[in-house]
Amino acid sequence: MSNSKYMVVDLATQQPTIKPIGDYLFARQGDNRRPLPIWFQQSGQPLALDGYTVEWAQTNADGTPLVVSGTTISGDVVGQMVFFFPANAFAVAGTVIGHFLIKKESDGSLISSIDLSFDVKKDNVLMNIDTTPFMNDWEQFKSRIKSQTEALKGEVNGFDSTIKGAQEQANSITTLINNNQVAKKTDLNDYLSKSSDGVTAGTLTANDFITKAGIKLSDLAQYNTPIFINKFGDVKRSGFYKFDASNFLSSNLPPFLTSNQQTGTILSIFIDSNNAYFKFMETGWEYYVHNGIWSKRINRTGVPLFSGSVQTGDTINFSDNYYKFDYVIWRITYDNQNKFVTTYVRDGHIMFITSNTNGNSFNHIFLNFIANKGDANDVRGLTIRSMQTQLSTGGKPADITTSINVEMYGYCNA
């Protein structure tokens, strides 16, 4: 059987592509095993049917649903087959509406065709395409406009030229059509051929799209891409930004950034031009801006100030920078125990307790220091003045003559 004798059913479109059904199927009411040659395609390309089964689902003229599995044989090329309708498909006289179901049991795939309408009579079965179930309100509106345009053209052709009023009306309608003020049949056909409520195949090109929220697609695609900024005034929305500390005012930067933290990424939560939250991702510094004022600068991980061994008389320098911190956490290792002690930057005394090695008493540890200040608020370092230990059972404090391992971290919370 040649390809021209196969009814083409394109599963990717709702537009009919078949010739009159008389070219493919002949049947009467009650006939059995009536063959229908079909060529299934997808967007104009043959659809391979390997692994698929084909069923026919219909609604009879009396409203009864029916699903039948007709016998099939393969066609000459990919996508072609012959479907043999059983007798119960044509058992009820009247209009029968149905569609083909292409199924693959292995993965649950299911593809349905557009609706086909059978007019079952005693002597024959007529068949045509029915696209009504696929039409939404907009499609119905376009179809109505198309019908109205055809009606206008019919009125123009049917007016009696001897009646002046009718002639004037005909001339007016003709003018509208000629000036493209009324949609013509060719216009609507061209539009319908490019419109679909299904899956769009091929390449779609446009300058830009806008979401329902009013965001351009070109902006949305870069929403989470870091954008380089030179100052916080450049920040207009929430997201990630790249920064270079050399381009910022010192008043807009944390009090301390190590050499490898001079460039990095900032997370911005943008409220408006005077209210925002910034986090320097690589450092742990967090900034809050309220009513245009940098109201809080917080460091939740601590800035390393010192790590090493100290003993009485040693001076700890924090380098040449002036560090401004609200408090300092000391990690002191003594007698194989680690103690964390929090002090304000200008405090000069630390006391903590460790258990004695014999387990019968405790050691009271006293550490005195003096802060070295550049001015009233900036602490550049400190000097250990004395370190002593005293048992909880009594006795005089004794000087600690050995070194103690110390780590110091600076924190800001305001």
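These are my notebook entries on a predicted model of one protein chain.

**Ground rules.** I number residues from 1 along each chain as its sequence is written. Since this is a predicted model, local features need pLDDT of at least 70 and side-chain atom pairs count only at pLDDT 80 or more, while totals for chains, interfaces and linings use all residues; side-chain values use heavy atoms, with hydrogens and water left out.

**Overview.** I started with secondary structure and got 4 helices and 26 strands. Helices here are DSSP runs of H or I with at least four residues, strands are runs of E with at least two, and numbering goes from the N terminus. Of the 414 residues in the chain, 33% are buried. For me, buried is under 20% relative accessible area, exposed is over 50%, and partly exposed is in between (1.4 Å probe, protein chains only). Next I looked at contacts, meaning heavy atoms within 4.5 Å. Among those with a separation of 6 or more, 53% join residues 24 or more positions apart. The chain exposes about 24,200 Å², and carbon and sulfur atoms supply 50% of that. Areas are from the Shrake-Rupley method with a 1.4 Å probe; for residues, only the protein chains shown count as cover.

**Cores.** I then went after nonpolar cores, which are sets of buried Ala, Val, Leu, Ile, Met, Phe, Trp, Tyr and Cys residues joined through side-chain atoms within 4.5 Å. The largest has 42 residues, and F278, W330, I350, L382 and M408 have the most contacts inside it. Strand β20 (residues 327-334) gives this core its largest share, 4 residues. There is a second, separate core of 24 residues, including V9, Y24, V54 and V68. Back at W330, I listed what it touches beyond four places in sequence: among them are F340, V341, I350, L382, E407 and M408.

**Salt bridges.** I searched the whole structure and found 2. My criterion is a side-chain nitrogen of Lys or Arg within 4 Å of a carboxyl oxygen of Asp or Glu. One joins K103 and E55 at 3.6 Å, N to O. K103 is in strand β8 (residues 94-104) and E55 in strand β4 (residues 53-59), 48 residues apart, so I note that the pair links distant parts of the chain. K103 is partly exposed at 24% relative accessibility, whereas E55 is buried at 16%. R331 forms a salt bridge with E407, with the closest N and O atoms 3.6 Å apart. R331 lies in strand β20 and E407 in strand β26 (residues 404-411), so this pair ties together parts 76 residues apart in sequence. R331 is partly exposed, at 28%.

**Surface patch.** M351, I353 and F362 make a nonpolar patch of about 280 Å². Patch residues have over 30% relative accessible area and no salt bridge; like charges are joined within 9 Å, nonpolar side chains (Val, Leu, Ile, Met, Phe, Trp, Tyr) within 5 Å. I353 sits in strand β22 (residues 349-355) and is partly exposed at 38%.

**Single residues.** I checked T389 in strand β24 (residues 379-391). T389 counts as buried at 16%, and its contacts beyond four places in sequence include Y334, H364, I365 and P397. R34 and A89 are 55 residues apart in sequence and 9.8 Å apart in space, C-alpha to C-alpha.
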